Amino acid sequence: SEFKYRCKCIIVFQNLDGVDVILFGLYVYEHDETNAYPNQRSVYVSYLDSVHYMRPRKMRTFVYHELLMSYLDYVRCKGYNTAHIWACPPLKGDDYILFAKPDDQKIPKDDRLRLWYIDMLKDCQ
(Lines give C-alpha, C1' and ligand atoms only; values in the text may rest on other atoms or scores of the structure.)
Protein backbone atom coordinates (compact mmCIF):
# COMPACT_ATOMS: atom_id res chain seq x y z
CA SER A 1 0.00 0.00 0.00
CA GLU A 2 1.00 3.62 -0.39
CA PHE A 3 1.93 5.98 2.40
CA LYS A 4 0.72 9.53 2.07
CA TYR A 5 3.28 12.15 3.01
CA ARG A 6 4.14 15.79 2.64
CA CYS A 7 7.59 16.58 1.28
CA LYS A 8 9.12 19.88 2.35
CA CYS A 9 12.29 21.57 1.27
CA ILE A 10 13.83 24.12 3.61
CA ILE A 11 16.44 26.40 2.08
CA VAL A 12 18.71 28.94 3.76
CA PHE A 13 20.14 31.91 1.91
CA GLN A 14 22.69 34.48 3.00
CA ASN A 15 23.32 37.73 1.20
CA LEU A 16 27.04 37.77 0.41
CA ASP A 17 28.41 40.88 -1.22
CA GLY A 18 24.98 41.78 -2.60
CA VAL A 19 24.19 38.29 -3.94
CA ASP A 20 21.71 35.88 -2.33
CA VAL A 21 23.58 32.58 -2.00
CA ILE A 22 21.98 29.25 -1.07
CA LEU A 23 23.98 27.82 1.82
CA PHE A 24 21.83 24.98 3.12
CA GLY A 25 19.08 22.70 1.89
CA LEU A 26 17.00 20.17 3.82
CA TYR A 27 14.40 17.71 2.49
CA VAL A 28 11.95 16.16 4.94
CA TYR A 29 9.03 13.79 4.52
CA GLU A 30 6.16 14.12 6.98
CA HIS A 31 3.74 11.23 7.54
CA ASP A 32 0.73 12.37 9.57
CA GLU A 33 -1.71 10.52 11.81
CA THR A 34 -3.66 9.11 8.85
CA ASN A 35 -0.78 6.77 7.96
CA ALA A 36 -0.54 3.28 9.38
CA TYR A 37 2.27 2.17 11.65
CA PRO A 38 5.28 2.39 11.31
CA ASN A 39 5.02 5.70 9.45
CA GLN A 40 2.23 7.20 11.52
CA ARG A 41 3.24 10.61 12.91
CA SER A 42 6.78 10.14 11.61
CA VAL A 43 9.21 12.54 10.02
CA TYR A 44 12.07 11.46 7.78
CA VAL A 45 15.02 13.81 7.39
CA SER A 46 16.01 12.59 3.99
CA TYR A 47 18.63 14.95 2.58
CA LEU A 48 20.70 17.71 4.09
CA ASP A 49 23.25 19.56 2.02
CA SER A 50 25.34 22.68 2.46
CA VAL A 51 28.24 24.68 1.11
CA HIS A 52 30.86 26.38 3.25
CA TYR A 53 30.24 29.96 2.14
CA MET A 54 28.46 31.09 5.34
CA ARG A 55 29.98 34.14 7.00
CA PRO A 56 31.34 33.85 9.53
CA ARG A 57 32.23 30.28 8.63
CA LYS A 58 32.65 29.24 12.26
CA MET A 59 28.87 29.66 12.73
CA ARG A 60 27.90 26.91 10.26
CA THR A 61 27.45 24.06 12.73
CA PHE A 62 25.67 26.25 15.26
CA VAL A 63 23.24 27.64 12.68
CA TYR A 64 22.55 24.30 11.01
CA HIS A 65 22.02 22.56 14.36
CA GLU A 66 19.62 25.33 15.39
CA LEU A 67 17.67 24.92 12.14
CA LEU A 68 17.32 21.16 12.65
CA MET A 69 16.43 21.51 16.32
CA SER A 70 13.82 24.15 15.48
CA TYR A 71 12.32 21.95 12.78
CA LEU A 72 12.18 18.94 15.12
CA ASP A 73 10.55 21.06 17.81
CA TYR A 74 8.06 22.40 15.26
CA VAL A 75 6.94 18.92 14.16
CA ARG A 76 6.83 17.74 17.78
CA CYS A 77 4.41 20.58 18.54
CA LYS A 78 2.31 19.48 15.53
CA GLY A 79 1.92 15.97 16.99
CA TYR A 80 4.70 14.02 15.30
CA ASN A 81 6.42 11.62 17.68
CA THR A 82 9.16 9.92 15.65
CA ALA A 83 11.98 11.32 13.55
CA HIS A 84 14.29 9.27 11.37
CA ILE A 85 17.49 10.88 10.14
CA TRP A 86 19.27 9.52 7.09
CA ALA A 87 22.97 10.11 7.74
CA CYS A 88 25.02 9.04 4.76
CA PRO A 89 27.68 11.35 3.35
CA PRO A 90 27.82 11.69 -0.43
CA LEU A 91 30.59 10.07 -2.37
CA LYS A 92 33.11 12.39 -3.99
CA GLY A 93 31.41 14.03 -6.96
CA ASP A 94 27.86 13.23 -5.79
CA ASP A 95 25.53 16.06 -4.86
CA TYR A 96 22.30 15.58 -2.90
CA ILE A 97 20.71 19.02 -3.22
CA LEU A 98 23.31 21.64 -4.09
CA PHE A 99 25.14 21.08 -7.34
CA ALA A 100 28.94 21.27 -7.59
CA LYS A 101 30.49 21.86 -4.19
CA PRO A 102 33.62 23.99 -3.90
CA ASP A 103 36.77 21.92 -4.50
CA ASP A 104 38.14 22.82 -1.06
CA GLN A 105 34.99 21.77 0.84
CA LYS A 106 35.55 18.69 2.97
CA ILE A 107 33.02 15.86 2.91
CA PRO A 108 32.62 14.20 6.32
CA LYS A 109 33.18 10.48 6.71
CA ASP A 110 30.38 8.26 8.07
CA ASP A 111 31.51 8.45 11.70
CA ARG A 112 32.01 12.21 11.63
CA LEU A 113 28.58 12.83 10.09
CA ARG A 114 26.89 10.51 12.58
CA LEU A 115 28.63 12.38 15.44
CA TRP A 116 27.44 15.70 13.96
CA TYR A 117 23.83 14.50 14.21
CA ILE A 118 24.36 12.96 17.66
CA ASP A 119 25.78 16.26 18.94
CA MET A 120 22.70 18.05 17.57
CA LEU A 121 20.37 15.54 19.23
CA LYS A 122 22.17 15.94 22.57
CA ASP A 123 21.60 19.70 22.30
CA CYS A 124 17.88 18.98 21.74
CA GLN A 125 17.47 17.34 25.12
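Predicted model: local features only at pLDDT ≥ 70, side-chain atom pairs only at ≥ 80, totals over all residues.
Trainee: Understood. How far apart are the end C-alpha atoms of α1, and what span should its 18 residues have?

Mentor: The end C-alpha atoms of α1 are 26 Å apart, and at 1.5 Å a residue the 18 residues should span 26 Å, so the two values agree.

Trainee: Which residues of α1 are buried?

Mentor: They are Arg 60, Tyr 64, His 65, Leu 68, Met 69, Tyr 71, Leu 72 and Val 75. These residues lie on the same side of α1, because the arc they cover around the axis is only 160°.

Trainee: And what covers them?

Mentor: The cover of the buried residues of α1 includes the strands β1, β2, β3 and β4, together with the helix α2.

Trainee: Turning to the largest nonpolar core, how many residues does it have, and which touch the most other members?

Mentor: It has 24 residues, and those touching the most other members are Leu 23, Phe 24, Leu 26, Leu 48, Leu 68 and Tyr 117. At least two residues of this core come from each of β1 (6-16), β2 (19-31), β3 (42-50), α1 (60-77) and α2 (110-124).

Trainee: Which element gives the largest share?

Mentor: The largest share comes from α1, with 6 residues.

Trainee: Could we look at Phe 24? What does it touch, leaving out residues up to four places away in sequence?

Mentor: Phe 24 touches Ile 10, Ile 11, Val 12, Leu 48, Asp 49, Ser 50, Tyr 64, Leu 67 and Leu 98. One of these contacts, Val 12, has Phe 24 as its bridge partner in β2.

Trainee: In what sense do β1 and β2 pair, and over how many bridges?

Mentor: β1 and β2 pair in the antiparallel sense over 11 bridges. β2 also pairs with β3, again antiparallel, over 8 bridges.

Trainee: What about the hairpin of β1 and β2: how many residues are between the strands, and which takes a positive phi?

Mentor: There are 2 residues between the strands, and Asp 17 takes a positive phi near 55°. Asp 17 is in the loop between β1 and β2.

Trainee: Is Asp 17 buried or exposed?

Mentor: Asp 17 is exposed, because its relative accessibility is 67%, and the cut-off for exposed is over 50%.

Trainee: New topic: which peptide bonds to prolines are cis?

Mentor: The bond from Tyr 37 to Pro 38 is cis, with omega near 10°. The bond joining Arg 55 and Pro 56 is cis as well, with omega about -10°. Pro 38 is in the loop between β2 and β3, whereas Pro 56 is in the loop between β3 and α1.

Trainee: And Asn 39: where is it, and is it buried or exposed?

Mentor: Asn 39 is in the loop between β2 and β3, and it is buried, with a relative accessible area of 9%. Not counting residues up to four places away in sequence, Asn 39 touches Phe 3, His 31 and Tyr 44.

Definitions and conventions: Residues numbered from 1 in each chain as written. Heavy atoms only, no water. Core = buried A, V, L, I, M, F, W, Y, C linked by side-chain atoms within 4.5 Å. Buried < 20%, exposed > 50% of the residue type's maximum accessible area, 1.4 Å probe, protein only. Helix = DSSP H or I, 4+ residues; strand = E, 2+ residues; numbered from the N terminus. Contact = heavy atoms within 4.5 Å. Expected span 1.5 Å × (residues − 1). Arc of directions from axis to C-beta. Pairing = 2+ DSSP bridges.
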